[in-house]
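Hi,

Here is the model I promised to pass on. Have a look at it first, and my notes follow below.

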Amino acid sequence: MDSAAVDTFEAGRGRLASLAYRLLGSAADAEDAVQDTFLRWQAADRERIEVPEAWLTKVATNICLDRLRSAQARHERTAGAWLPEPLLEGDPMLGPADTFEQRESVSLAVLTLLERLSPAERAVYVLREAFSYSHAEIAGILDITESASQQHAHRARTRVAAERRRGEADPASARRVVEEFLAAATSGRTDRLVALLTDEVTAVSDGAGLARRLLRYRTPERVASFVRAGFKPTPAKRRLAGGSPAMYLARVNDSPAVIAVVGGRVVGAVAFDVSGGKVAALYGIAAANRLTRLDGAWGRHEAGVPVIAAW
């Protein structure tokens, strides 16, 4: 392949990775999809490709859709053992973040909600909301009619909006809520936690990868009990983590988060959805295979002072 063709692909690699991540919810799968796109670009008759960006977007999108539709992906995701892979603030795979819609589309809350959509609805939603493609352009990418694109977009927006009736939280205010939450979680007083939770709060955890299904909790009282138990240090938890973690405040997927670190290695992350000065949802991820990219980014991150030096 000539250098010009390589340069053309590399110029769009970041955008393709961001698109693939939003569609698949996994950085590793997104990287694989981008690499498959490169291989097809390498084998294509490029002289017949009028608009390389459009061609690459179409190929990458359809590779992602094939993955979403695969029997293995359907089994893994419908079995309830899947959460999106968290990405640290500044990760280029998070992609465009100029508008509320773009930031919202990469939040763990919305990536989780997108699992309830059909692959086509998910693709239209991402292409439209995060990348501002017109329905005519989306129709060409997905080989559907413009009317079908509009219908998919309407259904996707309706389903997401039904669960996401929240505005954007100010980062500084959201951080203060999480600081209060962490203090309450480690205080031993469940009533302090309940006061910081919305009435419709939900908590989801991957159980550090040890559970066959995701752990889900609803109602402030049940979530508070789960959090209180989860944040209570025990010798068994420290053995599982490989030591006594330090806890840092950070942002993942444009949301406030607590990052647990042992010896410079990320061993867990809890991301928060904050609304109206309270926690509306939290997502606990500690399965090692979901933290690989976050761990790598953390090594290049200026973490600052931990809020808890040794848990």
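The structure holds 6 aromatic pairs, where a pair means rings of Phe, Tyr or Trp (its six-membered ring) with centres within 6.5 Å; planes under 30 degrees apart are stacked, over 60 edge-to-face, and the rest tilted. One of them is Phe9 with Phe38, edge-to-face at 5.0 Å centre to centre and 65° between the planes. This pair links distant parts of the chain, 29 residues apart: Phe9 is in helix H1 (residues 3-24) and Phe38 in helix H2 (residues 27-43). Helices (H or I, at least four residues) and strands (E, at least two) are DSSP runs, numbered from the N terminus. Both Phe9 and Phe38 are buried, i.e. under 20% relative accessible area, with exposed over 50% and partly exposed in between (1.4 Å probe, protein chains only).

Phe181 and Phe231 also pair edge-to-face, with 6.4 Å centre to centre and 80° between the planes. Both are buried, and together with Phe272 they form one aromatic cluster.

On to the sheet: it is open, has 6 strands in the order S2-S1-S6-S5-S4-S3, and its pairing is mixed. Strands count as paired if DSSP finds at least two bridges between them. The edge strands, S2 (215-218) and S3 (246-252), each pair on one side only. Strands S4 (residues 255-262) and S5 (residues 265-275) run antiparallel, joined by 6 bridges.

A word on the basis: this is a predicted model, where local features need pLDDT of at least 70 and side-chain atom pairs count only at 80 or more, while totals for chains, interfaces and linings use all residues. Residues are numbered from 1 along each chain as its sequence is written, and side-chain values use heavy atoms, leaving out hydrogens and water.

Cheers
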